[in-house]
Amino acid sequence: MEERPETELISIPATPRASTPEALTPSGQRSPRPPAASSGAGGGGGGGGGGKAPSAAWTPTSFISPRFLSPIGTPMKRVLVNMKGYLEEVGHLTKLNPQDAWLPITESRNGNAHYAAFHNLNAGVGFQALLLPVAFAFLGWSWGILSLTIAYCWQLYTLWILVQLHEAVPGKRYNRYVELAQAAFGEKLGLWLAVFPTVYLSAGTATALILIGGETMKLFFQIVCGPLCSSNPLTTVEWYLVFTSLCIVLSQLPNLNSIAGLSLVGAVTAITYSTMVWVLSVSQERPPTISYEPLSLPSFSASVFSVMNALGIVAFAFRGHNLVLEIQATMPSTFKHPAHVPMWKGAKVAYFFIAMCLFPVAIGGFWAYGNQMPQGGILNALYGFHSHDIPRGLLAMTFLLVVFNCLSSFQIYSMPVFDSFEASYTSRTNRPCSIWVRSGFRVFYGFVNFFIGVALPFLSSLAGLLGGLTLPVTFAYPCFMWVLIKRPAKYSFNWYFNWILGWLGIAFSLAFSIGGIWSMVNSGLKLKFFKPN
């Protein structure tokens, strides 16, 4: 029988970029073989020759090579090629942790680019955007726009880093921010560096959302009812309790994918009320004594600290990086279809709309109110300056949209904490949480945040301090992780660029935190997101 020429054999492509699915392959219990030490003949286990081992990682299809196929007939060749395609579809051998199937973040893996866009947009736009005009009042036009633009581009770069590092190591998916930090910095150091800012960002944001949501519900009630319902109104703390109860009811949804509908509601309401707030502000007459000069303070040190606090507010506007890996963990990933592709598609769409919300609110709000912007932000200014000029229905709709957005944002920011609670329970008991245990954790968490909000009612005004303390999660740690995991060539541009960005982020974090503390102490802890009525 005439043999086919060598050139007609099916060529096997080089191993693609590593991606790590969460499905066991038929040989899922075997460890990858180490690369052969010698370049000798192909049969048996190769002795310990002196040649260098090839650098390419072993994959489930690396044994199906042209040399392996060449002496085999066409039917057998087709079988092996089909098996290769199957293995590529299934993916790398991934070491699975069975506990992941019990936890809220990794329980469901049917996410897609649409879900990624909804979650990122819900996490990225919120009440912090309403505070940007306050930062502009201290920075002025030039420095305000410049700092906002730099921060946006910087965080977009670190977002791309996190998306790429989710599957940076073959056979491993980093499903949580803390896991990636431990892989980069070491088990203990990574835990210490990542746990505090991520938990503080999740729990602190949830507490601030209770305060803002409760106070907004109170104002909505006052606008809708007017003098008719003011005989025995609820107190502010009682409105906090009402909002917390609604959050607890919604938190009974089991996992991150199950709240995709809520994230869509949060995204739509955030875009809508952000647009309404700045449009309503610029359409009204500006205050007669308006000025666009940065606020002048009595001493140079006070001016410096105020600028640092304002930059911290800008940094806090870009939150949500502590949720990027968790959102990507809800997606299926195979050798041919890695999860970073739909994740990056969804993230790009989300951050386009985030820019369309943040920049108009900051610029339009500062144009409308200048340095007369109150500490509570543009929503407070709109209510204070124009509550009698704007139709009550329009004003009430704006506040209602803020309430819906706070309810939706509470769910996605609380999910990592729910995941931590259940991970601790399942690791001790070696069984999944029952519905009653899961509900108990979420009720407990909701009321803990409620009591913290009642004890610290000024928390929602400390955006500068929150931005400074949590800034490394967004701006610094991802740059360090890229260098430590990807290991670019030493002293290359990539190496210098990421080290410089990382250390700049740490320096800014310290400076912004000091500015936030100074602002808090200087105001006598009397800041409120809304003025008391």
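Visitor: Hi! Is Glu107 buried, exposed or partly exposed?

Guide: Glu107 is partly exposed, because its relative accessible area is 32%. The cut-offs are under 20% for buried and over 50% for exposed, with partly exposed in between (1.4 Å probe, protein chains only). Keep in mind that this is a predicted model, where local features need pLDDT of at least 70, side-chain atom pairs count only at pLDDT 80 or more, and totals for chains, interfaces and linings use all residues. Residues are numbered from 1 along each chain as its sequence is written, and side-chain values use heavy atoms, leaving out hydrogens and water.

Visitor: Thanks. What does the side chain of Glu107 meet in a salt bridge?

Guide: Its partner is Arg438, at 3.6 Å from N to O. The pair links distant parts of the chain: Glu107 is in the loop between H2 and H3, while Arg438 is in helix H14 (residues 435-455), 331 residues apart. A salt bridge here is a side-chain nitrogen of Lys or Arg within 4 Å of a carboxyl oxygen of Asp or Glu. Helices (H or I, at least four residues) and strands (E, at least two) are DSSP runs, numbered from the N terminus.

Visitor: And Arg438, buried or exposed?

Guide: Arg438 is buried, with a relative accessible area of 11%.

Visitor: How many salt bridges does a search of the whole structure find?

Guide: Six. One of them joins the side chains of Asp100 and Arg176 at 3.7 Å, N to O. That pair also links distant parts of the chain, with Asp100 in the loop between helix H2 (74-90) and helix H3 (113-124), and Arg176 in the loop between H4 and helix H5 (177-185), 76 residues apart.

Visitor: Which other salt bridge has Arg176 in it?

Guide: The side chains of Asp419 and Arg176 meet at 2.7 Å, N to O. Asp419 lies in helix H13 and Arg176 in the loop between H4 and H5, so this pair ties together parts that are 243 residues apart in sequence. Asp419 is buried at 3% relative accessible area, and Arg176 is buried at 11%. Through shared partners, salt bridges join Asp100, Arg176, Glu179 and Asp419 into one network.

Visitor: Nice. Changing topic: how many helices and strands are there?

Guide: The protein chain has 16 helices and zero strands.

Visitor: Take H12, then. Which of its residues are buried?

Guide: In helix H12 (residues 378-386) they are Ile378, Leu379, Asn380, Ala381, Leu382 and His386.

Visitor: What do they pack against?

Guide: Four helices: H4 (132-165), H8 (260-283), H11 (340-369) and H13 (392-429). A contact means heavy atoms within 4.5 Å. Over the protein chain, among contacts between residues at least 6 apart in sequence, 84% join residues at least 24 apart.

Visitor: How many disulfides does the count come to?

Guide: The count comes to zero disulfides, where a disulfide is a pair of cysteine sulfur atoms within 2.5 Å. As for individual cysteines, Cys153 counts as partly exposed at 46% relative accessibility, whereas Cys225 counts as buried at 16%.

Visitor: Where is there a nonpolar patch on the surface?

Guide: Tyr491, Tyr496, Ile500, Leu504 and Phe508 form one, with about 500 Å² of accessible area together. Patches are made of residues with over 30% relative accessible area and no salt bridge, joining like charges within 9 Å and nonpolar side chains (Val, Leu, Ile, Met, Phe, Trp, Tyr) within 5 Å. The areas come from the Shrake-Rupley method with a 1.4 Å probe, and for residues only the protein chains shown count as cover. Tyr496 lies in helix H16 (residues 493-522) and counts as partly exposed at 42% relative accessibility.

Visitor: What about Tyr491, where is that found?

Guide: Tyr491 is found in the loop between H15 and H16, and is exposed at 53% relative accessible area. Phi of Tyr491 is near 70°, a positive value in a residue other than glycine. Arg487 also has a positive phi, near 50°, and lies in the loop between helix H15 (463-486) and H16. For background, most residues other than glycine have a negative phi.

Visitor: Last one: what is the mean pLDDT of the protein chain?

Guide: The mean is 80, and 77% of residues reach 70 or more; pLDDT is the predictor's confidence in each residue, from 0 to 100. It stays under 50 over residues 1-64, and pLDDT also stays under 50 over residues 525-533.
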